[in-house]
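Please read these notes with the sequence and the model open side by side.

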Amino acid sequence: MTACRVCGGEIAALAYETPAPALTSIMTLIDVPTRVYVCDGCGHAQCDEIPDIEAFYDTGYRISLNSKDHDQIFAVKADGTIVYRTDHQAELSRNLLDLPHGAKLLDYGAAKADTLRKVFAARPDIEPHVFDVSADYAPAWDGWIAPDAQATYEVPEAWSGRFDAAMSHFVIEHVADPIGFIRGIHKLLKPGGALLLSMPDVSANPGDMTVADHVNHFSESSLRRALAAGGFEVATLDATSFPGAFFVVAIRSETPVKQEQDATLVRQAVERGLEICEFWRTSAAALEKRADDFRGRKAAIYGAGFYGSWIFSRIRNEVAITAFLDQNPNMQNAVHFGHPVIAPTAIADDAEALFVGLNPLKARTAIGNMPYLHKPGLELVWLEA
Ligand SMILES: [Zn+2]
């Protein structure tokens with residue numbers, strides 16, 4: 001039994017449980033089981049908190065910190081131009097927030113604040129501010145954010161009621177108390193100030209359900225409920241501009257916001273959440289059986305991203321992994337969990353199986369386009385049962 005982090009209702013039954021290790025969003029393994037709960041009351045899905053959560057974000061979680069220009073590729077345009085994730089986030093943020101001239105904008109849980117830096121480059125009239133629960137990022141802020149506009153660990157009392165707008169990108173899914181988090185930002189905004197939140201949309205990105213440090217998996221219904229509970233009126237809820245994620249803009253209300261619940265949305269969210277849990281349960285059971293089939297034999301894993309890493313975490317003790325195969329040239333020649341990442345064409349001749357670690361909705365088409373992976377003596381093992 002556990003309490004829903006959004007509506008406070010009791011969640012009686014586990015929807016999904018699998019033994020340790022669990023995979024984090026930064027592709028590390030931690031020695032805890034994965035447990036997912038789905039709330040009937042509001043359509044929220046949640047996982048247990050990870051141990052030592054404060055230390056994990058303070059000193060353990062250095063996303064994109066080691067390489068100055070590291071950014072994830074969001075899309076490749078028809079003409080070959082690469083669109084980076086933070087460029088897309090910055091453009092979406094500018095469009096959604098529609099900031100007034102000279103606005104004070106806070107990036108809450110900013111990390112390196114790449115998105116804010118790009119918003120500021122396009123809107124040099126604004127006053128950028130940053131807050132994070134780690135001091136690791138200060139070197140990335142210095143030089144373009146005034147020292148008194150930077151805060152770590154705690155937000156200064158003087159910032160209450162200060163901001164025209166706040167944005168928080170891909171933070172709230174990590175937070176143990178999401179309502180407290182939203183209320184904390186409410187306090188920092190001026191009356192009528194705007195909050196932009198982004199977070200994974202698990203319904204469009206089922207892999208998110210098993211990410212250990214994503215303790216919240218919002219649905220549209222639980223997101224609306226959380227914002228109302230935190231004192232905000234939803235202005236825009238965008239589930240399409242950033243595939244696999246929600247971008248929502250909400251306005252600070254001075255009076256309590258009615259926490260209405262759309263029964264259809266809640267039911268859809270619960271059904272989808274349980275369906276995703278069922279997918280992972282079936283996949284984990286099937287994978288365990290295939291790992292046993294290939295016990296002690298050589299195999300490669302296709303994909304060094306989330307799905308491939310998750311497969312690794314499930315089969316590493318049974319199967320002799322030779323390599324991860326990945327098409328992304330930025331990942332090739334790297335070492336992932338102690339194994340080389342190589343181009344798919346370079347798969348070793350003695351590998352007897354290839355475990356396909358791709359989004360199951362896209363895996364068969366992607367592998368179908370690689371004839372060199374279809375050869376006698378190499379069995380393809382798919383994630384879906
Ligand atoms: Zn709930």
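Predicted model: local features only at pLDDT ≥ 70, side-chain atom pairs only at ≥ 80, totals over all residues.

1. Residues are numbered from 1 along each chain as its sequence is written, and side-chain values use heavy atoms, with hydrogens and water left out.

2. An open sheet is formed by 4 strands in the order β3-β6-β7-β15, with antiparallel pairing. Strands are DSSP runs of E of at least two residues, helices are runs of H or I of at least four, and both are numbered from the N terminus; two strands pair if DSSP finds at least two bridges between them. β3 (14-18) and β15 (216-217) stand at the edges with a single partner strand each, so one side of each has no neighbour in the sheet.

3. Between β3 and β6 (residues 34-38) the antiparallel pairing runs over 4 bridges. Within β6, V36 stands opposite Y16. Helix α7 (residues 263-293) packs on the sheet and touches β3 and β6, contact being heavy atoms within 4.5 Å. The direction of α7 makes about 25° with that of β3; axes are lines fitted to C-alpha atoms, for helices over the stretch in contact, and angles run from 0 to 180 degrees between N-to-C directions.

4. The protein is divided into domain 1 (73-262) and domain 2 (294-381), with bounds from an automatic or database domain assignment. Their C-alpha centres lie 35 Å apart.

5. What do the two domains share? In contact are 6 residues of domain 1 and 4 residues of domain 2. About 350 Å² is buried between the domains, 60% of it on carbon and sulfur atoms; buried area is the accessible area (1.4 Å probe) lost by two parts on being put together, summed over both. The count of salt bridges between the domains is 0, a salt bridge being a side-chain nitrogen of Lys or Arg within 4 Å of a carboxyl oxygen of Asp or Glu.

6. H339 lies in strand β21 (residues 339-342). Its side chain reaches the backbone oxygen of I321 at 3.5 Å. Leaving aside residues up to four places away in sequence, H339 touches F312, I321, F324 and A334.

7. Two backbone spots deserve a look. Most residues other than glycine have a negative phi, and most peptide bonds are trans. A20 and P21 are joined by a cis peptide bond, with omega about 5°; P21 is in the loop between β3 and β4 (22-23). M27, not a glycine, has a positive phi of about 60° and sits in the loop between β4 and β5 (29-30).

Definitions and conventions. Polar contact = N/O pair within 3.5 Å; in protein donor to acceptor, adjacent residues only side chain to side chain.
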